[in-house]
Amino acid sequence: MENRTLRGLGLGLCLIWLFFSFFPLYWVFVTAFKPPLAVSQGATYIPFIDFRPTLQAFRDALSGIRGDFFGPIASSVMISLVATALSVFLGSMAAYALVRFQFRIRLLSGLTFGIISIGGFVLLNGTFDITVPYALLIVLVLALVASIYVNRLPLPGPVLGNNDVTFWFVSQRMFPPIVSAFALFLLYAEVGRAGLPLLDSFLGMVLAYTAFGLPFAVWLMRDFLSTVPVEVEEAAQVDNIGRIRIFFQIVLPMSLPGLLATSMIVLAFIWNEFLFALLLTTGDWQTLPILIAGQNSSRGDEWWAISVAALIAIVPMVIVAAILGRMMRSGLLSGSIK
Amino acid sequence: MKKLLLTTVAFGAMTGAAIACEPDYTGVTLNVSTQNGPAIASALAAAAVSWEERTCGTVNVIEFPFGELYPKFLTAMSQQTGDFDAIGFVPAWLPDFAPFLSTMPAALQEGSNWEDIHPVYRERLMVWNGEVKSATMDGDMHMLNLRADLLNDPDEQAAFEAEYGYPLASPVTWAQYYDQAAFFHRPNDGLFGTAEAYRRGGQQFWYFFSHAASYTNHPDNPGSMFFDPETMEAQINNPGWLRALEEYKRGLDYNPPGALNNGSGDVRPLYAGGTVAMNYDWADSGDLGSTEGAIEGHVLLFIVPGSTEIWNHVSDQWDSFDEVVHSPFLAFGGWQLAVPADSENPEAAWDFVAEVISPEVSGSAIVTANSGVNPYRFSHYENLENWSSVFSEEEAASYLGAQRASLDAPNVALDLRLPGFFSYTEVLEIELSKALAGEVEPQAALDAIAEEWDALTEEFGRDSQLAAYRASVGLPPM
């Protein structure tokens with residue numbers, strides 16, 4: 001009796017939670033079918049009873065008078081898929097290194113990198129008038145070489161370990177995005193002047209979003225990869241299998257659920273990202289979040305149009321999530337850890 | 001023979017191309033940017049079609065969210081990325097954009113097409129520091145929207161006159177406006193007196209400015225509505241502004257419930273759906289009412305109310321006038337087009353601007369649904385038949401009459417245009433919302449705004465702000 005009461009209570013709470021979770025979606029869905037007057041003259045809930053549904057908002061959206069929807073959808077799909085794949089791929093490799101190798105980075109080595117890169121840039125750009133992209137390239141290479149060399153010296157001071165490196169990755173996402181977004185815009189503008197157009201380009205957006213997604217990928221994959229038994233890799237090493245092969249043919253397949261989960265999370269972040277897209281694109285590679293935000297115009301909140309845009313934006317993510325979710329449950333994971 | 005035929009065909013094609021492309025911008029692609037459509041962007045797209053046919057050039061209309069247009073344009077122009085050949089923006093941003101914009105070619109500043117633009121736009125809003133930096137492509141102002149079904153109802157007329165002692169007609173003062181709002185405020189019948197925007201971020205301050213213009217835009221002290229044009233001292237806490245705020249707040253009593261959450265997008269369907277007896281708004285309320293609303297055929301537009309008393313900041317007293325002085329407020333001021341100085345195709349870009357604002361193309365845009373373009377040329381007011389797709393004949397007459405009367409009013413009030421516009425209006429909205437919510441007294445809110453505005457003026461540089469303000473109101477440099 002007590003169990004049945006608890007079960008009923010749990011079911012009731014779940015249903016309430018379900019209602020709260022689904023109501024916003026339902027609201028967006030029905031609003032997309034409302035005429036303007038039905039939106040602004042008090043709440044209406046049920047089509048054909050409370051209001052007469054119309055497809056006008058969908059017609060407006062798909063006809064292009066509210067902006068080109070197809071271009072941004074295509075841009076979003078291409079950029080987010082490629083950037084997600086790159087982020088997860090590079091992030092997995094970085095995470096694997098953080099799980100399997102011990103890094104020791106002297107603080108003085110890091111300081112050397114900072115001093116050479118900043119001081120060198122000021123010198124090259126300010127004194128010798130070398131343009132920003134070339135000055136950056138030169139000082140970053142020099143600073144990297146110098147800091148690696150300094151790291152090998154028996155210098156005093158703190159030594160940073162793997163946890164510090166992981167924190168450094170994650171810290172990239174801690175400061176407000178505008179800090180890096182605007183800096184990236186300036187950098188891209190300078191690189192464009194030097195002859196490589198990155199603003200409003202596929203390459204520029206993929207590079208930006210790969211950097212954007214990398215911290216998430218490293219952070220999440222580090223946890224997933226740490227669950228892979230090291231004995232399996234040791235057994236492979238006994239058979240004289242190289243580290244690269246071990247990573248691609250043993251570790252990654254065993255971490256497939258983690259790869260998929262990480263991909264979904266990184267994809268969602270990139271798919272919904274607004275600020276980078278706003279600053280770094282104009283007409284050719286504008287992404288969906290810009291278009292959705294644009295439905296709120298100088299004429300006020302046109303909720304019917306915003307709802308249609310939101311529905312259109314949700315659909316690709318629902319499809320991707322469904323496919324990845326299915327993959328996670330399917331036999332594709334037969335090689336993964338049970 | 002074959003060679004002759006080919007030569008003939010090629011010559012014919014070349015001649016045809018020469019005739020078709022005037023001027024010839026073959027191979028030129030213009031990137032023209034503004035807010036997401038349909039408003040304004042669709043008008044640019046329509047003009048692009050005719051421009052492409054005439055010049056053989058190509059136009060990309062690039063759309064961004066309205067809220068992001070200002071930083072997007074400013075960053076692109078200041079970094080000289082050359083992203084845009086023409087930009088559609090609002091006059092309030094012109095002070096910040098002007099250093100990065102090219103000047104309209106002299107050839108466009110003459111002739112009948114130029115003279116056809118109303119002087120309020122041609123001589124004031126399009127000009128910065130004596131140079132024409134932009135071209136108006138949309139005329140915007142607040143107008144009073146009434147309902148003919150209520151105003152012309154004999155029973156309502158008799159009842160109103162019996163209660164207030166004067167005939168029911170278009171209110172010419174704000175006192176009459178509130179009389180009518182109170183008279184028609186019948187919540188039990190589902191009818192409310194009026195609808196105004198009060199929500200922060202919902203364009204509330206423009207509605208407040210419309211009230212304030214009537215009490216602060218003194219005809220003898222031009223340019224003194226927002227700041228003292230001699231000292232740049234903020235005027236927003238003077239008794240004229242206080243009266244405006246008290247009246248604006250009083251309007252809450254006659255608005256539908258929850259009015260503090262209403263933005264401009266909400267007041268339109270309230271009027272068009274017949275929920276309120278009137279409102280004041282840009283042309284959108286009238287358009288919506290006559291095309292999709294429950295009050296179709298009953299839309300009546302008038303110039304916004306005025307006042308017989310205006311605060312004189314020089315003599316520090318109220319000045320009385322024998323006749324009502326109308327100070328219609330050109331809220332927002334309409335959309336403008338300009339050509340950034342870093343455009344690679346300035347000549348073609350200005351040619352496109354000329355196409356957009358030409359009497360033919362703009363004349364079509366003003367009567368196209370959802371174009372967001374409102375009249376700004378004398379010729380736009382001439383042909384009532386053009387408006388048959390939007391308004392009935394009576395509605396069109398009142399719509400155009402209200403627009404023209406507002407523009408022609410000798411004491412027309414221009415919107416605030418100043419470097420740092422967003423900083424000033426952000427402060428304004430914060431304190432205004434507190435006053436409307438009853439968290440602070442109106443005078444205290446206005447004092448706080450004035451203090452912040454003066455601090456901002458110091459921050460931006462008092463001398464440069466003063467020079468900019470004087471330029472914005474058409475006063476000569478000091």
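Ile303(B) counts as buried because it has 25 C-beta neighbours inside 10 Å; the cut-off for buried is 20 or more other C-beta atoms within 10 Å, against 12 or fewer for exposed and partly exposed in between, with C-beta atoms placed from the backbone. This is a predicted model, in which local features need pLDDT of at least 70 and side-chain atom pairs count only at pLDDT 80 or more, while totals for chains, interfaces and linings use all residues. Residues are numbered from 1 along each chain as its sequence is written, and chains are lettered from A and ligands numbered from 1 in the order in which they are written.

Let us stay with that isoleucine for a moment. Ile303(B) sits in the loop that joins strand E9 (299-302) to strand E10 (307-312) of chain B; helices (H or I, at least four residues) and strands (E, at least two) are DSSP runs, numbered from the N terminus. Leaving out residues up to four places away in sequence, its contacts include Met143(B), Leu144(B), His326(B) and Pro328(B), where contact requires C-beta atoms, placed from the backbone, within 7 Å. By comparison, 26 Å separates the C-alpha atoms of Ile303(B) and Trp114(B), which are 189 residues apart along the chain.

Now for a pair of helices in chain B, H12 (residues 264-272) and H13 (residues 284-291).

| Feature of the H12(B) and H13(B) pair | Value |
|---|---|
| Angle | about 40 degrees |
| Axis separation | 8 Å |
| Nonpolar residues in the contact | 5 residues |
| Polar residues in the contact | 2 residues |

The angle makes H12(B) oblique to H13(B). Among the residues making the contact are Val267(B) and Tyr271(B) of H12(B), with Leu288(B) and Gly289(B) of H13(B).

Is H13(B) mostly covered or mostly open? H13(B) is mostly covered, with 7 of its 8 residues buried. Its buried residues include Asp284(B), Asp287(B) and Leu288(B). The cover over them includes strand E7 (143-147), H12 and helix H16 (393-408) of chain B.

Methods
Contact = placed C-beta atoms within 7 Å. Axes fitted to C-alpha atoms, helices over the stretch in contact; angles between N-to-C directions. Parallel < 35°, antiparallel > 145°, perpendicular 65-115°, else oblique. Nonpolar A, V, L, I, M, F, W, Y, C, P; charged D, E, K, R; others polar.
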